[in-house]
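Reader: I'm new to this one. Can you walk me through it?
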Amino acid sequence: MMRFLLLFSRQGKLRLQKWFTPITEREKKKIIRDMTTLVLARQPRSCNFLQWKDLKIIYKRYASLYFCLAVENQENELLALEVIHRYVELLDKYFGNVCELDIIFNFEKAYFILDEFLMGGEIQETSKQMVNRSIEASDMLQETLEEYMSKPAF
Amino acid sequence: MSDVVEKTLTALPSLLSLDSQPGSAKLSSTAKLGNLIRGITELTSKHEEEKLIQHELASIKEQVSSPNTTMRQMRELMVRAVYCEMLGYEASFSYIHAIKLAQQGNVLEKRVGYLAVSLFLNESHELLLLLVNTVLKDLQSTNLIEVCMALTVVCQIFPKDMIPVILPIVEEKLNHPKEIIRRKAVLALHKFYLIAPNQVQHIHNKFRKALCDKDPGVMTASLHIYLQLIQENAEAYKDLTASFVTILKQVVGGKLPMDFNYHSVPAPWLQIQLLRILSLLGKNDQRTSEVMYEVLDESLRRAEMNHNITYAILYECVKCVYTIHPKSELLEKAAKCIGNFVLSPKINLKYLGLKALTYVVQQDPKLALQHQMTIIECLDHSDVIIKRETLELLFRITNAQNVTVIVEKMLDFLRLSKDDHMTIDIVGKVAELAEKYAPDNEWFIQTMNAVFSLGGDMMQPEIPNGFLKLLSEGFDSEEEDRKLRLFAVSSYISLLQGEPSKLPQRFLQVICWVLGEYSFLKEDLEPSVVLGLLTKLLDMKSSSSETKSWVLVAMTKLCWSEAAVSEAQQVAETYSSSFDTTLRQRAQELQHLSRDSQLHSRVLPPGGRLEPDEVDSSLSFLDGFVSEALSAGAAPYKPLHQRQEELSRSKVLSLEPYGLSLPISTSSCSITDRQSPTLLSTSSGLSGDGTDFSHRGSSTTLRLDGVKRVWGREGYLAQKKPVEEVAQVEVPSPLRSPSQQGDANSCRSKTPTPTANPECDQEKQQLASSLFGGLSSQSSVCLMEKSEPDIQRFRRKAKGQRSSSTTNEQRANPTVSSASAVDNLLCNNLLEADTEPINSSAKQTFQHPHSLSVANGACDAEAILTDGDPKERNQPLSSEDFVEADDSPPREDQERSKDSCLTPHLPAELSGFSHSEIIPLCSSQSLDLSACHVQTDNSVVLVVFITNTSEDANLQIQVLSEELEVFCVCESPVEEVRGRSVSVRQYSLTVKMPLVHFELVGMLSYSIPAGMPQAMMQFSYKLPLTSFIRPLTVSTEEYGSMWLAFSHDTKQNLTLIKEEREPLTATLNALNKKLSLHVVEIIGVEGLVACSLLQDQPCLMHCRVHAGRLAVWLRSPVPDLPDCLLYHCQRALQEP
């Protein structure tokens, strides 16, 4: 099971946080601090896995953004790496050539995509098409509703 | 693909200056958020940012509380509030508005509202209760998107107590026509199962339906639940093995829609999940394992593409192959796969390769030999993570011969380590290895010194405790004990003469204790000198008051000489006015005892052995005092929980105990608390793999021998065994050496090869031979070990013998040098293999005979025999065997007949009671162990039948359980069993801690004929909680008063037995019959039921028919009992 997913910039600025198990605010802050220092201190050619307390941390850098996923000890590290990659692919498909700014300015969308992809710390849907279809379905609704709402008769 | 993404991410670095947002055409405009973000990026200092955000928050606050704000504006405000929180500023004023937004907004606003709620609140936040109704409403909505959102939020965050409210609706969604809803519902139920397992137990059948769902996505989702369930109890799901195999076959064969492909690999997540499930099912179970061989082979074969995801599958496959019952072909393929990982230039794969090796090496140490050069390279790797993983691997292959080198490497690592968690873990491992394999006293003490100084005050307290216990209890010979203690004393004296202020407190405490106890052993040492050194510790600023009291106690022990007394009294003077009460107490003791030398010698005889004090934990000596006080009118003692209960009762009158239909459960300590995945636990279980339960058993002990038993037999080594070893079968261990010598000869004849190869790095080669030296002769060490009972406490005792025997061996024949010669040879081979990898497999086969014959002597020989003669499977030749009771399904017929023929042997006093079926536990050539349990009125008796089919034997049985108290009814631990007879042992069992099922583990050591070397067998026995349940006859009034006094409770809805007229009576009768619960009274739609755990631990059940179901509420003074009993009630009502 996955425990949490953090996205942060090279400067250590948090861009997205998802916690799959209940954790107190104080602990969240500590974990975020620990993760950024740990991951940012890694040398470029070292492996993408870390041990932190009893969790495995799998991180990967995409351009200026670090994706950092914590899984339980018996999980498969390579698979977790592919979870990160699939999420990036999903973001890419949705935003079209995703960049850090897309995620900063539309972070709520990034959350919605994540919610369609992972649920309760497990993989929910791995198909790019399916995730996008359900996100677009809600987005579509958004447009039609907005049109509807802006009609003067209402 | 990843390259493309990376490029596009880099391509747009400086978009901040542009006015328009990227992708804005598609997205709704959130201009204000944009402004905020841009504003922040332009700032230069943290202080400015703080000011800006505070300003922003103030403006948000003002707007959210204004009545004119529309939901649409609210949505936008929420996004900004979430952003501020992400930056680390609190916006708690907006929480309630987030809930409102989720409640009242349209679909879009709801989505943001739910998101904000899940980001803002944690599970225990009180506002969360306000969300329940909204979720309930949305779950019942006709709008699919709303249902989806509700299910998503339920998975993310939902109050545990409220699960029963939405559970029926979520269950309903399992039948929804849309697969996305079904899938989300399954995942939600999975989440419920994790946080409150007993809530969803009744819907196991529906999980099966989900597994058979026509949509592969729903089926995949259901596997998460199954993985969890099978982890907890694999036995119950063996029947599903064939289905899982079929699914995996279809997936591997590419039968799933293209949608499920990931980089043209079919459904990798699904594959890996299935492989994990299969390995759990096939573990220690040959029949089940056989079903999966084919598909595993297929998986290994298919996964040949060079992509990360295929490596992920391969890794899981390898683990599975090595977990289930072994099959030589598969093992060979898997071993090759590991080679691909280890030798890969990609660092991630190398890491996984090391992990796989660590996992596998316990079954097949030869694999480590194959990769020794890579391992050595990894040991010096620049990446700490790789280094650590390598140490983990080395830890697993440590033996008496390589222990010094490996421990040295670990200590080197510790000296550089900055991570506390790693330090604690490795310190523990070093201590364990030192205790187990220490070659001599000097080394042991020095290593422990290093452990104490490096581990500092973080290490687990068991390490110093264990060390002191070991010193005080000693081992085999008095002389040896004395030497060890003496060495410790001299070593500590010199440490204290150095710079004691640099030593951690824990270490100082150890030093104090040892000096206090044993400094008299050092004859040339005056107590006053020691006292002087100890006084220095007292004066040190860094000493904690705990350390100081250790110092004072040590001084108290030491002040028996003239010179010491005056010094001690001075110290006592100073500290008898200390503010610390403990210190003052110790100082007083010191003062009194130093004054009165007679008293001193009586209380603390110099050089006296420590006799353990008898402690009366029930404090029965106070009984008189208590009864006196009671008769004088004192109030009887009530335990804390009872007092709290009464207190809450007097305060909150409205909380009727019978208010069952209220969904809010007041349960405070249900079993679910324990299982909820809250917090990141900080346990130090860094080592090993989670799937590998058996090795985790008790601490991280290396249990090579136990594991090897399962594996050595048909390990693929066995197949290629040279003929010469068959000869060993007839001649047991003593004659092993000639054949070994033969090996040594053959090795020596080949030793010229390494010198002929100048490329080999001399230094690494040396390291290799020292690191892997023991491996080749390891199993011989194990064999010797086996003849001794392997119980923790005796570990060190065994050590003395073992190390001396190995040194004897070293002197007696040149095995050691030849072993390293073998290593040199091997390492050369490997180097060659490195340069021309195509040859490697040929080299490997060439290697086999040597490493094998040295490594797996008698074990393999035995395997051959078992191969040849399947009937003799269960008749181990080696002295130790591990057979599990539930491991022998094909012998059912035998069992039946056994049952009838053993029944007459039941002791007469038990014959009047019902007994369970007699099941076989384990057997060897001449001994057969079976057992059953008998339920008497006030106890449960485990009866073990020992059938001896050969000569007279001496045997000793030990039965243990963590949750049960086991009393042996018989007289002496060692017993003679006459040849060809049945002997019976009785154990009376009482419950220490309620559990759904109890497991007893037993160990039988025996010698046949009596006087011969001992052999051992292990067995296990399971019995359900219900064996301990007895009806409790109470009146309704008594029931009422008891109910209020009990504080542990749990609630649940159960299915009623379907009967036209009186379903409640029928259900309660069924419970009475199956679980022997006493039905106190039935009043209308309510029923009162009572039982007790044996005689003294009552549990009450209140039942009520509500909406066609049986709402039950269990209460007991015993924690966990209600939950466990509930489980059995559920079971009892489910089965027809």
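Author: Terms come before the tour. Helices (H or I, at least four residues) and strands (E, at least two) are DSSP runs, numbered from the N terminus. This is a predicted model: local features need pLDDT of at least 70, side-chain atom pairs count only at pLDDT 80 or more, and totals for chains, interfaces and linings use all residues. Residues are numbered from 1 along each chain as its sequence is written, chains are lettered from A and ligands numbered from 1 in the order in which they are written, and side-chain values use heavy atoms, with hydrogens and water left out.

Reader: Where is Glu517(B) found?
Author: Glu517(B) sits in helix H27 of chain B.

Reader: Is Glu517(B) buried or exposed?
Author: Glu517(B) counts as buried because its relative accessibility is 14%. Buried means under 20% relative accessible area, exposed over 50%, partly exposed in between (1.4 Å probe, protein chains only).

Reader: What does the side chain of Glu517(B) make a polar contact with?
Author: The side chain of Lys557(B), at 3.0 Å. A polar contact is a pair of N or O atoms within 3.5 Å; within protein, one must be able to donate a hydrogen and the other to accept it, and residues adjacent in sequence count only if both atoms are side-chain atoms.

Reader: Zoom out. How many helices and strands are in chain B?
Author: Chain B has 50 helices and 18 strands. Of its 1136 residues, 55% are buried.

Reader: Take H28(B). Which of its residues are buried?
Author: Among them are Val530(B), Leu531(B), Leu534(B) and Leu538(B). The buried residues of H28(B) pack against helices H26 (478–497), H27 (505–518), H29 and H30 (562–575) of chain B.

Reader: What span should H28(B) have?
Author: Its 13 residues should span 18 Å at 1.5 Å a residue, and the end C-alpha atoms are 18 Å apart, which agrees. The expected span is 1.5 Å times one less than the number of residues.

Reader: What follows H28 in chain B?
Author: A loop with Met540(B) in it, between helix H28 (527–539) and helix H29 (545–558). Met540(B) is buried, at 14% relative accessible area.

Reader: What is Met540(B) in contact with?
Author: Leaving aside neighbours within four places in sequence, Met540(B) is in contact with Pro500(B), Ser501(B), Leu508(B) and Lys548(B). Contact means heavy atoms within 4.5 Å. Met540(B) and Ser501(B) are 39 residues apart in sequence, yet their C-alpha atoms are 6.9 Å apart.

Reader: New topic. How many residues of H6(B) are buried?
Author: 14 of the 14 are buried, so H6(B) is largely enclosed by the rest of the structure.

Reader: Which residue caps the N-terminal end of H6(B)?
Author: Asn106(B) does, with a side-chain oxygen 3.0 Å from the backbone nitrogen of Leu108(B).

Reader: Where does a non-glycine have a positive phi?
Author: Asn97(A) has one, about 50°. Asn97(A) lies in the loop between helix H2 (77–95) and helix H3 (100–105) of chain A. It counts as partly exposed, at 42% relative accessibility.

Reader: And what about phi of Ser264(B)?
Author: Phi of Ser264(B) is positive too, near 55°. Ser264(B) is in the loop between strand E1 (261–262) and strand E2 (265–266) of chain B. At 55% relative accessibility, Ser264(B) counts as exposed.

Reader: Why point these out?
Author: Because most residues other than glycine have a negative phi.
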